[in-house]
Amino acid sequence: QARVASALALSMNYAMGNGATPAANTAKPSVEVLRRWERDMSAMEESIGLMLANKLQEAEERLEAAGQEGSERSIDFAAGEHDLRGCFTFVSALMSLINGLASLENNQLDTVLERVWAADEKLALDGDWAGRTVLRGLCLLVAGVVEIMQGMPTKGVWHVLRSWLWLRNLESEALNFQGHERGCVRSTALLALGIFNLFVSMLPPTAMKAAGWATGFTGGRDVALQQLRSCWEEGGLQAPFAGMVLIGFVVASPTLSTNPIHGP
């Protein structure tokens with residue numbers, strides 16, 4: 001624990017300052033931009049629905065087709081358009097993670113990491129807005145969790161905590177985001193903050209203390225569960241994933257005195 005805490009402190013000191021602050025999108029979207037946004041959101045919702053129906057191959061094909069369509073577009077950033085190819089790839093990574101946990105396939109976690117880092121590279125090509133910020137933070141967060149599952153705790157926890165450099169402004173920026181993207185941005189922010197706070201709340205005391213010192217976060221388990229419940233109850237894009245995290249937490253905590261889905 002002491003070695004992990006020490007590595008976290010040194011790593012976070014090095015990483016501080018490399019995060020990003022979401023920039024408000026002041027461009028008024030054109031009719032075409034709004035049409036494309038609705039089509040992209042529909043593609044992600046359809047793919048998640050296919051995953052929940054245990055049609056993973058079809059779900060991934062739907063995301064791949066949406067990403068290919070995005071590659072053929074000329075993204076009009078000035079008109080308020082976003083490059084969502086990174087988002088498609090990230091959702092695909094989440095699906096692979098869920099499939100890996102369900103199937104216990106040895107190489108599935110490697111696939112998840114590959115897709116997460118590919119998503120981050122694509123997100124870097126997008127314009128600066130709150131959705132990009134939260135997703136890049138989620139990429140680090142998910143990568144860290146996967147690395148811990150692969151037996152690399154120091155590296156994994158470092159990536160989880162480094163994600164706070166991207167997520168730290170979400171409570172003020174993303175949760176109150178205004179615009180046609182609000183539903184997607186808020187849902188994703190609630191999921192990201194909930195997972196981050198839940199993960200840190202389960203660290204050993206020494207590592208948790210180092211995490212709080214290095215990041216300055218003030219959340220905890222109760223805050224995490226409330227954020228995840230809100231994500232689920234609001235029924236946004238990430239609601240199914242929030243529900244899975246809550247269910248997983250209940251299953252892993254049979255002696256929990258407070259039900260994280262319904263409260264005390």
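Q: How much space lies in the largest pocket of this predicted model?
A: A pocket is an open set of points on a 1 Å grid where a 1.4 Å probe fits, with protein on both sides within 12 Å along at least five of seven lines. Its volume is the space filled by probe spheres set on the points, joined across faces, edges and corners. For the largest pocket that comes to about 950 Å³.

Q: Which residues lie nearest the centre of the largest pocket?
A: Lining residues have an atom within 4 Å of a point. The largest pocket has 30 of them. Nearest its centre are Leu 97, Ile 98, Leu 101, Met 244 and Val 245.

Q: Which helix gives the most to the lining of the largest pocket?
A: Helices are DSSP runs (H or I, at least four residues), numbered from the N terminus. H2 (31-52), H4 (85-103), H6 (130-149), H10 (182-201) and H13 (239-252) each supply at least two lining residues. Eight residues come from the top contributor, H4.

Q: How many residues in the lining of the largest pocket are nonpolar?
A: Ala, Val, Leu, Ile, Met, Phe, Trp, Tyr, Cys and Pro count as nonpolar; Asp, Glu, Lys and Arg as charged; the others, Gly among them, as polar. The lining of the largest pocket has one charged residue and three polar ones. Its nonpolar residues number 26.

Q: How much space lies in the second largest pocket?
A: Its lining includes Glu 60, Glu 64, Arg 85, Arg 115 and Lys 122. By class, that lining holds two nonpolar, five polar and five charged residues. The space in the second largest pocket is about 190 Å³.

Q: Which helix supplies the largest share of the lining of the second largest pocket?
A: H3 (56-71), H4 and H5 (108-123) each give two or more residues to the lining of the second largest pocket. Leu 63, Phe 88 and Ser 92 are among the residues lining this pocket. The largest share is six residues, from H3.

Q: What pLDDT does the protein average?
A: Residues are numbered from 1 along each chain as its sequence is written. In this predicted model, local features need pLDDT of at least 70, side-chain atom pairs count only at pLDDT 80 or more, totals for chains, interfaces and linings use all residues, and side-chain values use heavy atoms, without hydrogens and water. pLDDT is the predictor's confidence in each residue, from 0 to 100, and 78% of the residues score at least 70. The average is 82.
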